[in-house]
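Here is a short briefing to read alongside the model. Have the viewer open as you go.

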Amino acid sequence: MRALIISDARAGHESQSVAFCELKGYKFEILRIKFSYKWLKFLSYLLDFLRIYLPIFNYGSLKFQNFDIVVSAGSTTYYANKYFARKFKAKNVALMAPKGFRNDFDIVFCTHHDNFHAKNATILPVNLNYLKPTNYYTPQKKAIGFIIGGSNKSFVMSEEIVKTIKKIRVKFSDYEALITTSPRTPKEIESALKKENFNFFVSYLEDKINPIYDFLKHCKYVFITIDSVSMISEAVCNLNANVVILELERKDEHNKFDDFIQNLKDKKLVEIYQKNEVFAKTEKINLAKILKEINI
């Protein structure tokens, strides 16, 4: 099977499409598209409603000319997804809820907290993800890992996270401690963490590597801040580490992250960090097995 991935060049969207193809064992080609003007994106909703499909977006050249499946994630991509599916007479797959567009995709994969229900929808507890093996660091003894995000529209990362990490390290004083930051980690937090003498420290912006595979392979526990659905999804689907969620100061009483985390907690896929907690073993999801059982 050969798949065409329609991408808006957003890493979190494109990686889900790549993960879908990798997990299904499809060969794939990525085609990045964009609208020259914002009003053309609004027009795409109207044209979709009228069932008119035109190349109103910019895109590059394709290496292959025939595809069996078109797949994409993100509102910028869904109209182009339908255009190319019709062009190649291919089936099409939407990742994430294609809200605002007619739901005539062959199948939609979305997460529990998207609150999207349809006959053609498969609801997953996490984002689709696929980690390739890396070998950036191997601890010399037992280890714990910290995967740190940052502030977003729902949470604020403050110095409190540094205090929490210090307390956890005291509980695991005979373990190596590994840590990686993300593009959203505030500079002052990253600077404070750099002073804490970690055995392995990755600054995402400076080092340009993603060591999460190594963390999940070698650590007994990984502690992940609550703000990133993609990082938490990777952690609960891959390798060995037990997953503990670190909460942040919140901007609202309830948000979509709460629904996402509570669903994972109900399935025993994560624990939420509590002071004086006895850390428990968490379960894993096998996405490849789930997708193998779905015929497209």
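Is Cys 110 buried or exposed? Cys 110 is buried, with a relative accessible area of 3%; buried means under 20%, exposed over 50% and partly exposed in between, using a 1.4 Å probe on protein chains only. This is a predicted model, in which local features need pLDDT of at least 70 and side-chain atom pairs count only at pLDDT 80 or more, while totals for chains, interfaces and linings use all residues. Residues are numbered from 1 along each chain as its sequence is written, and side-chain values use heavy atoms, with hydrogens and water left out.

**Cysteines**
- The structure holds zero disulfides (pairs of cysteine sulfur atoms within 2.5 Å).
- Cys 21 is in no disulfide, and its nearest cysteine sulfur, that of Cys 237, is 17 Å away.
- Cys 21 is also buried, at a relative accessible area of 0%.
- For Cys 110, the closest cysteine sulfur is in Cys 237 at 15 Å, too far for a bond.

**Helix 8**
- Helix 8 covers residues 229-237, and eight of its nine residues are buried, so it is largely enclosed by the rest of the structure. Helices here are DSSP runs of H or I with at least four residues, and strands are runs of E with at least two, numbered from the N terminus.
- Among the buried residues are Met 231, Glu 234 and Cys 237.
- What covers them includes strand 8 (143-147), helix 9 (256-266) and helix 10 (287-292).
- Just after helix 8, Leu 239 takes a positive phi of about 60°.

Definitions and conventions:
Contact = heavy atoms within 4.5 Å.
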